[in-house]
Amino acid sequence: MFDIEYRLWLLRRFSKLFLPPLAAVYTALRLLEENSNTFVPKSLLARTACYILSLPLYWAGWIQLSNWNNERRARKLGARLPPLIKSMRFGGLDLRDRLVNGMSNDYVGVVFDEMLDEVGADTARLSILWSERVITRDPDVLKFVVSTGFPHFGKARERVSDYNSFQRHSSKVCDILINHAKQSRPCDVQDLFSRFTMDTAGEFLFGRSDFGTLDMPLPQPGTEMPEGAKGAAAEGGYGSFVNAFETAQVLITRRLALGPYGWAMAEFFNDSVTKHTSVVDSYLEPLVRDAVQRRKNLKPEEKGEYENFLDHLVDSTSDVELIKDQLLNILLAARDTTAQLLSWTCYVLALHPDVMDRLRQEVLAAYGESEEPTFESIKRLKYLRAVLDEVLRLFPPVPVNSRSTFNDATVVPTRQGPLYFSSAGMLCNWSVSSIHKHKDLWGEDADEFDPERWMDPQFAYNEASFVMIRLMQLFDRFTLAQKEAAPASALPPASWKTANGRKAIEEAWPKNAITIYSKVGWDVDQHAFDLKFLTSDWLGVSAVSGRNLGRRLNRTTGLSLRSAQLGNVTTAGRAITSPSPMLA
């Protein structure tokens, strides 16, 4: 597959940058030649110098004129331009390198904080390779972009919910953890929960109950464990799909940091994403084509009955590419966000045994050791919801996201006064991670894990709540076993221990590739049986008793693809937004 669209876009943009000054020089030289009394450069070297010098002169004049015009228009609208983050290199290449390195190798969101701190603002502009963008950690800007300012930035799709399936898969998760507890073996919970959400998504999206990723071999813990794009490497056809799916997310996140010119130039001759999207397409296309054919064979009276989301899409359009795009959107939401919420919840419970004790007491008081929760009853578990809210605050499923403006002259209201976004197509990057740790919003303990701040919750996070209730019924302690069971690359850099904020606290490495993830597994140990599970941060769990470990669960839970209102799915190929709790 050869993607010509972005290459044509880059050529069109370059023509606007290069053709006007070169055409002006050519015209000027021709006019001068017609006037015999005027000196005209004759040599090839002199003429070439004229053409070359025209480019920076044109660009400098264009930039100054644009800045003056934007400031004038902002004043006219009673707004102001966000401050400009200055670059020390041509084309803002130093800013580009900082973003790429920060989003790849540093703690999630820190590079945004550092840049914004330099100009003393929560929203600022930066220009990289002739493309100006806005970065922000201001909740007022985020609220406008994802909520009240739809005409300027576009409205996202609502996530689809389903509460009537997935019981088999949650039972398998519990069985796997029990077996690992019996053998005192670590288990990669990030990988485990990703398989769980993949299997449940398979039923809801495709009507397929035979994905069976939970039945496939799990990663074996150890310092030599193979690593994938976003955690432990999986095997077989599923492993090929997941590796391609996750590698594409990593590369798309890098493109976001490079900016539209940066990545299009870097990949003009070698598209880094196509080979991975081809693998994903080969996995999805047979499912889509079978659904299209199945729909065509239905009798008229049978149409309108949808067994799964794919059937609904096929009834709306026969465009296979559009259907695949929409499925990938929902798959990203259904698999990654919920899996990460569950994984990071296990991580923080391992770090805070007092919280786990209190959470387990609440669960046992409500359900005992085996009663199945209902969607209505979990709403009464205030402390569970507070724990999930606090996990979402510190580890938002989509820590960095972006939208582009639709219109020229977009005015964004903030508490510090309206801000002016100057042109259509301007990219606005926001760091949810920074907003969620902003001390002006959350207090001096913003970096601390404290569920008490959420004891008046507004949402019931059904899917994660169901799983956590079952885990609390089975296990009484999680402890980390990162150093023993995960590769050295999974551990945070030693330099983090002397840093500020969450860096100094973490024992896992939060990273971002559209959705948050941990750099290779968590191991958890538990009491009684020193049970361990991994999650791309390895977790170990100890079971409550031999009776609990030996008992096979006959009653299972149901889970939802709606991950606690974690965010909205945007248009095809775009990321998932994770609205700040400040907007609730």
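Strand β5, which spans residues 400–404, is mostly covered, since four of its five residues are buried (under 20% relative accessible area with a 1.4 Å probe, protein chains only). This is a predicted model, in which local features need pLDDT of at least 70 and side-chain atom pairs count only at pLDDT 80 or more, whereas totals for chains, interfaces and linings use all residues. Residues are numbered from 1 along each chain as its sequence is written, and side-chain values use heavy atoms, with hydrogens and water left out.

**Strand pairing**
- Strands β5 and β8 (residues 427–431) run antiparallel and are joined by five bridges, where pairing requires at least two DSSP bridges.
- Among these positions, N401 has W430 in β8 as its bridge partner.

**Helix packing**
- Helices α10 (residues 274–296) and α11 (residues 309–316) pack at an angle of about 65°, with axes 9 Å apart (lines fitted to C-alpha atoms over the stretch in contact, with angles from 0 to 180 degrees between N-to-C directions).
- In α10, residues including L287, V288 and R295 meet residues of α11 that include L310 and D315, contact meaning heavy atoms within 4.5 Å.

Conventions. Buried < 20%, exposed > 50% of the residue type's maximum accessible area, 1.4 Å probe, protein only. Helix = DSSP H or I, 4+ residues; strand = E, 2+ residues; numbered from the N terminus.
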